[in-house]
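Dear colleague,

I am handing over the structure we spoke about, and I would be grateful if you could look through it alongside the notes that follow.

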Amino acid sequence: MSRSNRERTEQTRQALMDAARRLFVEKGYAETATPDIVAEAGVTRGALYHHFEDKKALFRAVIEREAIDVADEIERRTKRQAAPRDALLKGAAAYFDAMEVEGRTRLLLLEAPAVIGLPATMQIDGENAEATLRVGLEALLPQASALLGPLTTMLSAAFDRAAIAIEAGGSRQDYEQGIAALLDGLADHLRR
């Protein structure tokens, strides 16, 4: 395949994902039909099925891209932080900023578990934002050892629940303070 063909192929794939994302945010997964996606993307139905097995596979690709974008934002904002606590708090702020992108909370935290299932959603998160969280917790809580996995999962859930609450009108500042209190409490408890 020539470079221009590869570029066109990637452009078509991205157009489909962009159109699908807009429609999934606007209408929800269940109410979004594949003819609407191809019309929005300006491609043929055959192009959709050339790139994605079905609407669910397209949705998963959108979710994976969103999760990567969130993790990239966290990485970008925390890479220069030397102190583990500071890095985790900067990461929390970056996560909440990333989740403010229109529709992202709905897509990642509400639609994804319902559409692709909780195990697949957890796998995607585990390879992205949760992986970053685990690295930060490992630096902050080196004595956590066997508890590191469960603590990472539980704190990741706390971040997700906070993002949902913030989107529903909750005070972001309160949730950021809550995250700091959780981290400080864990560190104090594990030091004993």
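A residue is called exposed here when its relative accessible area is over 50%, and buried when that value is under 20%. Please keep in mind that this is a predicted model. Ser-145, at 60% relative accessibility, therefore counts as exposed, and this residue sits in the loop that runs between α8 (129–140) and α9 (148–167). Although Ser-145 is not a glycine, its phi is positive, at about 40°.

His-51 belongs to helix α3, which covers residues 45–51, and, leaving aside residues up to four places away in sequence, His-51 touches Thr-9, Thr-12, Arg-13 and Leu-16. Residues 33–52 are listed by UniProt, in an unreviewed entry, under "DNA-binding region"; in the model this span is 75% helix and 0% strand, and its end C-alpha atoms are 14 Å apart.

What does Phe-59 touch, once residues up to four places away in sequence are not counted? Its contacts are Phe-24, Tyr-29, Leu-107, Glu-111, Ala-112, Val-115 and Ile-116.

Methods: Residues are numbered from 1 along each chain as its sequence is written. This is a predicted model: local features need pLDDT of at least 70, side-chain atom pairs count only at pLDDT 80 or more; totals for chains, interfaces and linings use all residues. Side-chain values use heavy atoms; hydrogens and water are left out. UniProt positions are given in the numbering used here, feature names are shortened, and annotations may be inferred rather than shown by experiment. Helices (H or I, at least four residues) and strands (E, at least two) are DSSP runs, numbered from the N terminus. Contact means heavy atoms within 4.5 Å. Buried means under 20% relative accessible area, exposed over 50%, partly exposed in between (1.4 Å probe, protein chains only).
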